[in-house]
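Thanks for coming. I will talk through the inside of one protein today, and the structure goes up on the screen now.

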Amino acid sequence: MKQRTSLCAASAFLAATLCGSVNAAEMTIDYEAVLEPIFESLDSVDAPGVSVAVIRNGNIVFAQGYGVANLEYGVQIDPDTAFHVASVSKQFTGMAITLLALEGKVDIGADVRTYLPWVPVFKTPITIRQLLHHNSGIRNQWDLLALAGWMPGDGVTQQHVRSMISRQTALDFTPGSDYAYSNTGYSLLADVVEAVSGQSFPAYLQEKVFAPLEMTRSHFHGDLGAVIKNRAYSYTSSGSGEFRRALLNYSTYGATSLFATASDLALWLDNFRHCKVGGCDAIEGMQQLGELQNDSGFSNYGRGIMTGDYRGVKLISHDGRDAGFRSTARWFPESELGIVVLTNLPSIEPGQLADQIATAILGDKLEAMNNPALAAPPTAAETFTPERSVLDRHSGNYVLSNGQLLEVSVQDGSLVAKSGPQVAPMVALSNDDFFITAFGATMEFGSEGADKTQRLTLIFAGTPILGSRVSDTAPMDDAELQELAGNYYCDELSTVYSVQIADGTLSLSHLQRGTSVMVNVASDRFVSALLGDMQFRRDELGRIHALTANTARLKGLEFVKIRE
């Protein structure tokens with residue numbers, strides 16, 4: 001691995017010397033000496049890790065792998081290891097639509113039903129542009145599939161997603177009026193590419209993008225059974241040094257399912273410099289931002305990419321996360337610098353590593369740090385063992401600011417957090433600060449001195465989400481409980497949830513997703529980890545006939561009570 005990296009750096013130096021493409025200061029950078037220390041702690045023979053590639057002025061100056069791609073067989077990660085890169089896939093979908101638009105085959109402002117007549121008719125038509133910029137209002141496919149009972153290891157195909165979309169009867173908001181990240185939009189855009197080009201989406205990208213850029217180890221995964229040579233597998237950590245497979249069986253594409261090496265993605269990033277694929281018009285089109293109605297301005301989301309800056313230096317980027325895979329692809333146009341970091345363990349934060357790479361290379365071109373670094377897994381020396389009374393004080397049900405219910409409880413002498421069917425152990429850093437290894441997130445409990453903690457802050461991907469303890473409400477009598485109990489069917493999801501009575505309280509259960517407590521927060525209103533904010537609705541006779549569920553990313557899903 002070291003020899004490969006040295007050869008990459010040497011060839012980059014030679015090319016720069018002959019072509020005069022970089023200044024003297026940039027030529028003196030010893031990339032291996034500068035960047036290797038960043039990854040020393042990840043250079044393991046028995047733990048998942050990362051693959052990284054750096055391209056500068058058209059030359060790959062650093063390409064290296066650290067850790068293990070397959071724990072079962074002890075296969076090491078190297079620069080040729082292919083990773084599932086999750087939402088980094090979206091920029092390729094954005095490019096495909098942009099290429100077809102430049103050829104006059106797709107109208108960005110047209111109703112999506114112009115190309116996909118099977119898409120439901122909503123009150124307000126959805127345009128291709130709105131799908132590109134995540135302001136269409138169409139519901140997110142992963143949340144729909146999860147609520148329908150699909151589990152992480154289930155095979156999900158493009159046809160499964162189409163079937164789910166075709167059953168939708170409403171949108172989360174009027175198209176163009178708001179921004180909400182939706183993978184569904186990019187799955188639809190892939191279908192548009194197929195409808196217009198007459199090719200499969202994977203074949204179109206192979207011909208128009210991968211082949212011209214010599215991305216020989218990249219493909220969109222449209223076949224669940226296809227063998228992928230030298231691939232990385234996805235893992236999670238228990239927090240005690242043990243690893244488990246994080247299952248992922250996607251063959252739905254457009255929003256995700258690109259397999260690529262770090263070096264291949266570096267070649268793609270360099271296309272933002274030389275514009276070989278699509279020309280300058282395509283690169284400019286990719287960076288057009290989504291305009292919102294009602295004078296709300298613009299989002300910072302282009303066509304599968306986000307625009308912004310890192311410490312004052314212009315940045316084009318996108319991150320990805322599916323199962324245990326995490327990825328980032330970052331292009332600094334003013335410095336002609338591209339950075340790709342791919343990992344197969346969620347507690348490794350590619351964005352944080354990419355920031356360190358950018359800082360090491362760009363140095364004094366960067367402004368002073370304004371934001372704290374993203375959470376990193378604690379070392380053994382940084383962990384803490386709280387008293388049981390402290391854990392009991394923090395345990396309970398909390399409603400997050402996004403409407404979700406978070407259940408915090410004590411298991412085997414430690415705190416665990418549950419949202420939906422997933423239970424995530426927490427590692428204590430102090431009495432009030434904890435790290436959630438499975439998500440790379442931190443939890444800060446308020447310490448107001450009360451018998452029970454009243455508030456918490458969940459910091460995920462650098463974003464704080466506030467939570468408040470659910471106060472006890474007056475107990476419901478048996479007649480009130482019986483009125484709400486029963487089975488509720490959602491036609492859009494083709495699934496049933498059951499409201500059940502146990503020990504004088506209500507719980508919500510689903511055949512695949514398990515059981516969650518229902519916490520009463522107002523009259524006929526409950527919060528649960530499975531369906532979020534649940535509002536029961538009554539008919540003209542005052543009988544319960546339905547409930548409406550609102551989760552963090554889905555609004556207004558209706559479940560009708562099944563009459564016995």
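Start at F559. Leaving out residues up to four places away in sequence, F559 touches Y488, Y489, C490, L493, Y497, L531, A546, L547 and A549. Please keep in mind that this is a predicted model.

F559 belongs to the largest nonpolar core, which has 97 residues. F559 is listed there among those with the most contacts inside the core, along with F92, I128, W268 and F536. Apart from that core lies another one, of 28 residues, including I38, F62, I339 and I357. As background, nonpolar side chains in soluble globular proteins tend to be buried together.

Next, the aromatic rings. The count comes to 17 aromatic pairs. Y186 and Y301 make one of them, edge-to-face, with 6.5 Å centre to centre and 75° between the planes. Y186 sits in helix α8 and Y301 in the loop between β13 and β14, so this pair ties together parts 115 residues apart in sequence. Both Y186 and Y301 are buried.

F210 and F220 form a stacked pair, at 6.2 Å centre to centre and 20° between the planes. F210 is in helix α9 and F220 in strand β7, 10 residues apart. Why does F210 count as buried? Because its relative accessibility is 1%, and buried means under 20%. F220, at 3%, counts as buried too. F210 and F220 also belong to one aromatic cluster with F92, F201, Y253, W268 and F272.

Notes: Residues numbered from 1 in each chain as written. Predicted model: local features only at pLDDT ≥ 70, side-chain atom pairs only at ≥ 80, totals over all residues. Heavy atoms only, no water. Core = buried A, V, L, I, M, F, W, Y, C linked by side-chain atoms within 4.5 Å. Buried < 20%, exposed > 50% of the residue type's maximum accessible area, 1.4 Å probe, protein only. Contact = heavy atoms within 4.5 Å. Phe/Tyr/Trp six-rings, centres within 6.5 Å; stacked < 30°, edge-to-face > 60°. Helix = DSSP H or I, 4+ residues; strand = E, 2+ residues; numbered from the N terminus.
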